[in-house]
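Hi,

Here is the structure I promised to pass on.

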Amino acid sequence: MNILVCITCVPDTTSKIAFVDNNTKFDQSGVQYILGPYDNNALSRAVELKEASGGKIKVLHVGGPENDPVIRKALAIGADEAIRVNAQPKDAYFVAKQIAHIAQQDQYDMILMGRESIDYNGGQVHGMVGELLGMPSISPAMLLEVEGNQAKIAREIEGGKEWLSVEFPFVAGCQEPIAEWRTPNMRGIMAAKSKPFQVVDPVDVSEKINSVSFELPAQKAGCKLVDADQVDELVRLLKEDAKVL
Amino acid sequence: MTDQVNENIQMITETIRDFGSKEIIPHYRTWDDTQEFPIQLFKKLGELGLMGVLVPQDYNGSGLGYLEYINIIEEIAKLDGSIGLSLAAHNSLCTNHILMFGNEYQKQKWLPSLATATKIGAWGLTEPNTGSDAGNMKTTAIKDGSNWILNGTKNFITHGSSGEIAVVIARSGEPGDSHGMTAFVLEKGMDGFRAGRKEDKLGMRASETTELIFEDCRVPDSNRLGEVGEGFIQALKILDGGRVSIAALSVGIAQGAFEAATKYAQERHQFNKPIATFQGVSFKLADMATKIEAARLLTLNAAELKMKGVKMTKESAMAKYYASEVAVEVANDAVQIHGGYGYTKDFPVEKYYRDAKLCTIGEGTSEIQKLVIAKSILN
């Protein structure tokens, strides 16, 4: 099985989010980047499939060299080789075009990625990649089983679960519980250094969408603590302040 | 420190935090209460490659260096000092002794199972009546044909009961002769070799500490590490590295206590303000952070010298002495910042306080470290 796993690098979930340049740019100073959690789900499932029935995993990232440590972490988790398209992604279409360009250079049975990145929450790339490559695209893939040259994929739908079957090749946007996140072991960390890691230039893509500005959500109000024996006061606050009664 | 080592450390830190949140944090309180040695946890640490950190990959180890090693010990100790202690004892004492002084046959025989935690390691130097004065040990090893016969008792041995491979130093020559002791590898199941009483300890309770008892225990000469009479000299070299381990362990405990205290000081309100805004508390936090930074740098310096293969007896003793005293001071301050809550088991700082104290005692007391430092300065 030949699997392409597309990964994003996103701010650590404990990062303080701020914007600069008149709220037009994300303030990256002091931000620690991590492997996108949904992408880790996708990669972890790919590693499980490889462990079960063999194959090869290539990870693909569209981004700058500052993300190389995160890509090497993906190699440490179990990918066999990596490729980075050296560009600062502008929008989902730009990323999808780069992925499609790389994917066309090889025969992949499946192209897996997270259902969305947890920073900009676009959730569009898998659909666009499917369209650009003429492949079916499924999201969110919560379970993925392989039978011969097709996959059974479960999606969560309102009130239940939907099982789909799809022939290779396909694109899937993954999320838990498709596979539990993997953390690299020491042997993987050492092995990652000697795995093939290619850096390529991007293909030209014209920008379709521009970010105009960002704004932070309103500050949460402070938490009020009411002593356990002050029930009347609690009811008054719920009625008059919170207005939920 | 190179970018490569920094990147390794970053990745290892993430791995330990992920692993710890699932495998250590939910259980450490129970292990502490029941004084249970969680052997299954160590098997999982073995799968991660944390039980043979310094062992080359040819022997199924991780092949990492001392800088990564001290980071591993610090990160684990931040979560649970006793797991950090066991990890340090397994890696830097038993496993490292075989790695440094074993012949090729011995390394092939024992290192792969130690590095993967198929077997847990123990190391025996201390005896009931010879702690700091280890050179006067009473356990004897008498040559009998192609075997040695060991008699005596070692105590305060980490993994004395659960360990399946033990490196033991015994007297093969005259008392008081530093070249009169020899190191042997003992394996669980050998006739006349057994664990004795398990200690009921103040802290580090998940780390198993027992006696090792030898009663006419026959050990093949092929289990002897290095030359006859070199055991004590080997042990001193192992302790140079061991002190770096305990220094890193101390830094981890101090950092854990400091982070708990900082969090609490920002959450706890008195007089309508977080207590962190009071100078009495914030200055305490500043002192704690500064001491930890200094302890970490001393530890890093000793580890870097060790990596270079330079003699670092003085520097490792300084790191161990300073970092362990800092761990006790910082844990004490962390309890103080928590006030009454710090004295209860509802908050983690009382455990850091109990665990920290071991660091000023194990692998040479602070007083012995000062002797080592003074001797080094005056010579």
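First, the ground rules. This is a predicted model, so local features need pLDDT of at least 70 and side-chain atom pairs count only at pLDDT 80 or more, while totals for chains, interfaces and linings use all residues. Residues are numbered from 1 along each chain as its sequence is written, chains are lettered from A and ligands numbered from 1 in the order in which they are written, and side-chain values use heavy atoms, with hydrogens and water left out.

**Chain A overall**

Chain A has six helices and 14 strands. These are DSSP runs numbered from the N terminus, with helices being H or I of at least four residues and strands E of at least two. The C-alpha trace of chain A spans about 70 × 45 × 40 Å along its principal axes. Of the 245 residues in chain A, 42% are buried; buried means under 20% relative accessible area, exposed over 50%, and partly exposed in between, with a 1.4 Å probe and protein chains only. Take the contacts in chain A between residues at least 6 apart in sequence: 68% of them join residues at least 24 apart. Contact here means heavy atoms within 4.5 Å.

**Where the chains meet**

On the B side 21 residues are in contact with 15 residues of chain A. The area buried between the two chains is about 1600 Å², and carbon and sulfur atoms give 53% of that. Buried area is the accessible area (1.4 Å probe) that two parts lose on being put together, summed over both. Three salt bridges are counted between chain B and chain A, a salt bridge being a side-chain nitrogen of Lys or Arg within 4 Å of a carboxyl oxygen of Asp or Glu. B:Lys22 and A:Glu180 pair up in a salt bridge, at 3.6 Å from N to O.

**Salt bridges within the chains**

Over all chains, the count comes to 38 salt bridges. In chain A, A:Glu233 bridges to A:Arg236, with the closest N and O atoms 3.1 Å apart. Both sit in helix α6 (residues 231-241) of chain A, three residues apart, so they are separated by about one helical turn. A:Glu233 is partly exposed at 30% relative accessibility, and A:Arg236 is also partly exposed, at 32%.

B:Lys284 is partly exposed at 28%, whereas B:Asp333 is buried at 14%. There is also a salt-bridge network in chain B, linking B:Arg17, B:Glu75, B:Lys78 and B:Glu259.

**A covered helix in chain B**

Helix α10 (residues 349-359) of chain B has eight of its eleven residues buried.

**Backbone spots to look at**

Chain A has a cis peptide bond between A:Ser139 and A:Pro140, with omega about -10 degrees, and A:Pro140 lies in strand β9 (residues 137-141). The bond from A:Glu176 to A:Pro177 is cis as well, with omega near 10 degrees; A:Pro177 is in the loop between β13 (170-174) and α5 (186-192) of chain A.

In chain B, B:Asn60 has a positive phi of about 70 degrees although it is not a glycine, and B:Asn60 is partly exposed at 41%. B:His159 has a positive phi too, near 65 degrees. B:His159 is in the loop between β3 (147-158) and β4 (165-171) of chain B, and is buried at 0% relative accessibility.

Finally, A:Ala172 in strand β13 is buried at 0%. Its contacts beyond four places in sequence are A:Ile111, A:Leu112, A:Met113, A:Ile138, A:Ala141 and A:Ile153.

Cheers
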